[in-house]
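Please read this briefing beside the sequence and the three-dimensional view. It takes one residue and its surroundings as the starting point and then goes topic by topic.

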Amino acid sequence: MRRLSLFLFSLLFLMLASAAAEAQNPSAKDVLKRGQVRFGKGDVDGAIGDFTKAIELNPQMAEAHLNRGKARRAKGNLDGAIEDYEKAIEIDPQMTSNNRDITQAFNNRGFIRANQFDMDGAISDFDKAIKVSPGDADSYIKRAEARLIKGDLPDAVTDFDKGISLNPASATASLAYAGRGFTYLLQGDEAAARKDFDKSIKLNNEGRIFLELHLKILETQIKEMKRRRAEEQQPVA
């Protein structure tokens, strides 16, 4: 009986020692879980600190990079979020496949770059969004508009086609029909353009006003892109 008591005491001591060691030296998974709890409670800075610690403990933990990217995005650090997302994709492409947070981050930065007339940068981001989520209609439509503004009309039509096929009866498709119609117009196919404009009007609640406004925006962006190109090609005095 005495031996049994001694054995149980020793076992309890070892368990307590093990628990204390784990508390002092938590694993990457433990720190990741703590960060997720903190993020769920709204402690974004604390969560980022935990996710960073988890990455230090295990740099190949894709989930830690993914979670830190999400937390960084919540803080408004889009570039930092994308840096983490790209690392997560590199480590585990399957885990990040069709991840909505990653897709939206690439699309958001692509949209910002397009508004700054960095069309190559924008298209690169939309490419990445599509690679993560091949079924996302919005990514194709955004890339189509960037290609249209850049002057790459055939590829713009291809992307508009894909965006429409993925979500043919939505407000997003209305934008795609408007953009594709404008592309057809620039290619000289007025009949195809009119058909697309009619479809665009039917798919949105604002009717012709929405269509005319969107076409005006595209026209203005195309003119500004051409102006910038002409300015770049002028010889320096």
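Leaving out residues up to four places away in sequence, Phe182 touches Leu148, Phe197, Leu215, Leu218, Glu219 and Ile222, where contact means heavy atoms within 4.5 Å. The model is predicted, so local features need pLDDT of at least 70 and side-chain atom pairs count only at pLDDT 80 or more, whereas totals for chains, interfaces and linings use all residues. Residues are numbered from 1 along each chain as its sequence is written, and side-chain values use heavy atoms, with hydrogens and water left out.

**Nonpolar cores**

- Phe182 is among the residues with the most contacts inside the largest nonpolar core, together with Met119, Leu148, Phe160 and Leu215, and this core has 30 residues; a nonpolar core is a set of buried Ala, Val, Leu, Ile, Met, Phe, Trp, Tyr and Cys residues joined through side-chain atoms within 4.5 Å.
- At least two residues of this core come from each of helix H8 (119-132), H9, helix H10 (153-166), helix H11 (171-187), helix H12 (190-202) and H13, and H11 supplies the largest share, 6 residues.
- Another core, of 12 residues, lies apart from it and includes Ala28, Val31, Ala47 and Ala64.

**Helix H11 and Arg180**

- The buried residues of H11 are Ala173, Ser174, Ala176, Tyr177, Ala178, Gly179, Arg180, Gly181, Phe182, Thr183 and Tyr184, with buried meaning under 20% relative accessible area, exposed over 50% and partly exposed in between (1.4 Å probe, protein chains only).
- These buried residues of H11 pack against H9, H10, H12 and H13.
- The 17 residues of H11 should span 24 Å at 1.5 Å a residue, and the end C-alpha atoms are 25 Å apart, which agrees; the expected span of a helix is 1.5 Å times one less than its number of residues.
- Arg180, which is placed in helix H11, is buried with a relative accessible area of 11%, and, leaving aside neighbours within four places in sequence, Arg180 is in contact with Val157, Phe160, Asp161, Ile164 and Asp196.

**Leu148 in helix H9**

- Leu148 belongs to helix H9 and is buried, with a relative accessible area of 1%.
- Not counting residues up to four places away in sequence, Leu148 touches Leu153, Ala156, Gly179, Phe182, Thr183, Leu186, Leu218 and Ile222.

**The largest pocket**

- The largest pocket holds about 290 Å³ of space, a volume being the space filled by probe spheres set on grid points that are joined across faces, edges and corners.
- On a 1 Å grid over the protein atoms alone, a pocket is an open set of points where a 1.4 Å probe fits, with protein on both sides within 12 Å along at least five of seven lines, and lining residues have an atom within 4 Å of a point.
- Among the 15 lining residues, Phe111, Lys142, Glu145, His214 and Gln221 are the closest to the centre of the largest pocket.
- Helix H7 (100-115), helix H9 (137-150) and helix H13 (208-233) are the elements that give two or more residues to the lining, and H9 gives the most, with 6 residues.
- The lining divides into 9 nonpolar, 3 polar and 3 charged residues, where Ala, Val, Leu, Ile, Met, Phe, Trp, Tyr, Cys and Pro count as nonpolar, Asp, Glu, Lys and Arg as charged, and the others, Gly among them, as polar.

**Helix H3**

- In H3, the buried residues are Val44, Gly46, Ala47, Ile48, Asp50, Phe51, Ala54 and Ile55, and what covers them includes helix H2 (28-40) and helix H4 (62-74).

**Positive phi values**

- Asn98, in the loop between helix H6 (93-96) and H7, has a phi near 60 degrees, a positive value in a residue other than glycine, and is exposed, with a relative accessible area of 52%.
- Phe117, in the loop between H7 and H8, has a positive phi near 65 degrees but counts as buried, at 17% relative accessibility.

**The whole protein**

- The secondary structure comes to 13 helices and 0 strands, with helices (H or I, at least four residues) and strands (E, at least two) taken as DSSP runs numbered from the N terminus.
- Of the 237 residues of the protein, 40% count as buried.
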